[in-house]
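Please read the numbered points with the sequence and the model at hand.

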Amino acid sequence: MTRILFLLCICFLSSFAKAQDLNCRVQVLSANIQVTNKQIFETLETAIYDFLNTRKWTTDIIQIQERIDFNLIINITEWDGSNKFNATAQIISTRPVYNTSYNTPILNLSDKDWRFTYTESEALEINETGNRNNLTSMLAFYAYFVIGLDYDTYSPLGGTPYFQKAQSILNDAQNLSENGWKAFEDTRNRYWMVENVTNPSFRPYRQALYQYHRLGLDRMNDKMDEGRKAIVECLPLLKKVFSAQPGAFMLQLFFTSKVDEMVNIFSKINPSEKGKIIEQLIELNPANGSKYQKILTAN
């Protein structure tokens, strides 16, 4: 009987592991809050971790080693001593490169509009057809957005169902009083993230995600020249988006996460090709022009 119970437990744990889609590491920082007892911040961290990591976000069966890597760092800037919090958040996601030990950055975003309520030991729940809680809305939004980006890197426009879920949460959040959800509040917020990835004019950007990662990075270990060529061919795709919306938020986020990686990749190309590539990169991302210039002098 003991053996049967043991096997049942193993089966249960195995199916539970498969139900997880995210491998999210959560940190709640509270250095700015001058209180002796910080138990509530530890409880909040655990609640957010459980919310993100124990929920089934996709329709696919994902093994433990296939879970999507995702870091969420929440820095509490104000707390009223009860249940109201102001914070900023850093959202970072990565993706493994095929047949290597390297993880490539997909998203590196700072969100300054994290205002929410949380009562200690409160279980975090979400009703996706009518959620009215800003904390769980933000967590679910970013879960789906990170998954959407990850899926886009593996198949052309593969993240569409998850961007649609993020958009649904965004639409519902228009009734919330907290910032970060509305077009007029800022040009670099959750509204514009969804607007960009669901806008037809951004299809080349999403095609570039697939080409850069699946046809580029994933090939470079075995076919270096072919993989690098595929990444070079992403630049005209990104140029199409740039021409339509030069200051687009998602285009800025792409280069924020990829600038150092691209400098490394393009530093190793034929010297005769470097000038043209640097010119394209600086046009698309002038803020990092000095970094791209390093390609010229690299061996």
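1. In which helix is S257 found? The residue belongs to helix α9, which spans residues 249-266. As the model is a predicted one, this and the following points describe computed values.

2. Is S257 buried or exposed? Its relative accessibility is 9%, and because buried means under 20%, S257 counts as buried. Leaving aside residues up to four places away in sequence, S257 touches P105, I106, L107 and N108.

3. The overall fold may be considered next. The chain has 11 helices and four strands. Its C-alpha atoms fill a box of roughly 65 × 55 × 40 Å along the principal axes. For 299 residues, a compact globule would have a radius of gyration near 19 Å, and the 21 Å of the chain agrees with this. Among contacts with a separation of 6 or more, 66% join residues 24 or more positions apart.

4. Burial and surface come next. Of the 299 residues, 47% count as buried. The chain exposes about 14800 Å², of which carbon and sulfur atoms supply 52%. As for charge, there are 31 positive and 32 negative charges, and their mean positions are 5 Å apart.

5. Which residues touch the most other members of the largest nonpolar core? They are I48, L52, L72 and W114, in a core of 89 residues. Helix α3 (residues 134-154) gives the most to this core, with 13 residues. In soluble globular proteins, nonpolar side chains tend to be buried together.

6. Not counting residues up to four places away in sequence, L52 touches L22, C24, V26, W57, F70, L72, L139 and A143. One of these, L72, is itself listed with L52 among the core residues that touch the most other members.

7. N99 is not a glycine, yet has a positive phi of about 65 degrees. N99 is placed in the loop between β3 (84-96) and β4 (103-117). With 49% relative accessibility, N99 counts as partly exposed, because the exposed class begins over 50%.

8. S121 is the other residue of this kind: its phi is near 70 degrees, a positive value in a residue other than glycine. S121 lies in the loop between β4 and α3. Its relative accessible area is 62%, so S121 is exposed.

Conventions
Residues numbered from 1 in each chain as written. Predicted model: local features only at pLDDT ≥ 70, side-chain atom pairs only at ≥ 80, totals over all residues. Heavy atoms only, no water. Helix = DSSP H or I, 4+ residues; strand = E, 2+ residues; numbered from the N terminus. Rg over C-alpha atoms; globule rule 2.2 N^0.38 Å. Buried < 20%, exposed > 50% of the residue type's maximum accessible area, 1.4 Å probe, protein only. Contact = heavy atoms within 4.5 Å. Areas by Shrake-Rupley, 256 points an atom, 1.4 Å probe, with all protein chains shown as cover. Lys, Arg positive; Asp, Glu negative; His and termini not counted. Charge placed at Lys NZ, Arg CZ, Asp CG, Glu CD. Core = buried A, V, L, I, M, F, W, Y, C linked by side-chain atoms within 4.5 Å.
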